[in-house]
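I opened the model to look up how its parts meet and which side-chain pairs it holds. My entries follow.

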Amino acid sequence: MQERAKATRRSLLEAAAQLFAEQGYAATSVNDISARSGRTSGAVYFHYDGKEGIAVAVVEDRFATWSQLAARYADETVPPLERLVALSYDIAHALTRDPVTRAGARLWAERTVIKAPVPDPFALWTTAATRLLAQARLAGQVNEHIRPARTARTLVRAFFGLCTLTEVLEGTTVLDDRLTDWWHLTLPSLRPRSS
C-alpha cells in the first residue's frame, strides 16, 4: 500500500509540475491535475493540501535533488570558477528540460497569487555559488575585493533573469549560447586584475 501511495503522490506532483510549467498556477485547477495524472481530485486533496500544497511540494521537490547536483561540483581538483560555470549550465538545462524545475521557477515567480508560503528555490544555489566564490578567492582566482555572498546573490539573480528572458524572447535552443556570452562578460570582472 505504501508504494502505491508514493506512486500516486509522484504522479500527482509530476502532472501538477507539467501543468504549472505550461500554463502557470492561476490557470491550473485541481481537476486539471487529476485529469493529467489519471487520478481523482480526491487523491489530490488526500495527498496534498489542495492546489497550494501541491504547488509548494513542486518547489520543494527541487530541494530534494539539489544535493545530488551540487555533489558533482565538489571535486576540488577542478578550479572553483570552472565548477561554478559548469553548475550554471546544468541548472540552465534543468530550467529548460525538467518540468519540475521549470514549474518550481515559474511558481516562485508567481508566488504572490499562491495562498501559501513558497520557498526560495534559489537559496541552495546561492549558497553553493558563495562557497565556490570563496574557494576561488582563497585560491587567488577572483579579485580579492569580491565579496562571495553578495557576488553569488547577484550572479544567481542575473542568471535567472538571463534564462527567463532568453526563453521568452528567443526560445530555449539558444540558451547555451546566451549563457556563454554572459560568462564571457562576467568572468573578466571577477578575475584578478593583471598588473
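**Domains and their interface**

I took the centres of domain 1 and domain 2 over C-alpha atoms and found 27 Å between them. The domain assignment of the protein chain puts domain 1 at 2-58 and domain 2 at 63-190; such bounds come from an automatic or database assignment.

I note the ground rules here: this is a predicted model, local features need pLDDT of at least 70, side-chain atom pairs count only at pLDDT 80 or more, and totals for chains, interfaces and linings use all residues. Residues are numbered from 1 along each chain as its sequence is written, and side-chain values use heavy atoms, with hydrogens and water left out.

I looked up the contacts (heavy atoms within 4.5 Å): 14 residues of domain 1 touch 14 residues of domain 2. For buried area I used the accessible area (1.4 Å probe) that two parts lose on being put together, summed over both. Between domain 1 and domain 2 this comes to about 1,100 Å², with 74% from carbon and sulfur atoms. On the domain 1 side, Ala21, Tyr25 and Val56 lose the most area to domain 2, and together they make up 41% of what that side buries.

For salt bridges (a side-chain nitrogen of Lys or Arg within 4 Å of a carboxyl oxygen of Asp or Glu) the count between domain 1 and domain 2 is 0.

I asked which elements give two or more residues to the side of domain 1 that touches domain 2. They are helix 1 (2-23) and helix 4 (50-71), helices being DSSP runs of H or I with at least four residues, numbered from the N terminus. Helix 1 gives the largest share of that side, 7 residues.

**Side-chain pairs**

I searched the whole structure for aromatic pairs and got 6. The rule pairs rings of Phe, Tyr and Trp (its six-membered ring) with centres within 6.5 Å; planes under 30 degrees apart are stacked, over 60 edge-to-face, and the rest tilted. Trp108 and Phe122 form an edge-to-face pair, at 5.1 Å centre to centre and 85° between the planes. Trp108 is in helix 6 (residues 99-109) and Phe122 in the loop between helix 6 and helix 7 (123-138), so this pair ties together parts 14 residues apart in sequence.

I counted 8 salt bridges in the structure. One joins the side chains of Glu3 and Lys6, at 3.9 Å from N to O. Glu3 and Lys6 are 3 residues apart in helix 1, which means about one helical turn separates them.
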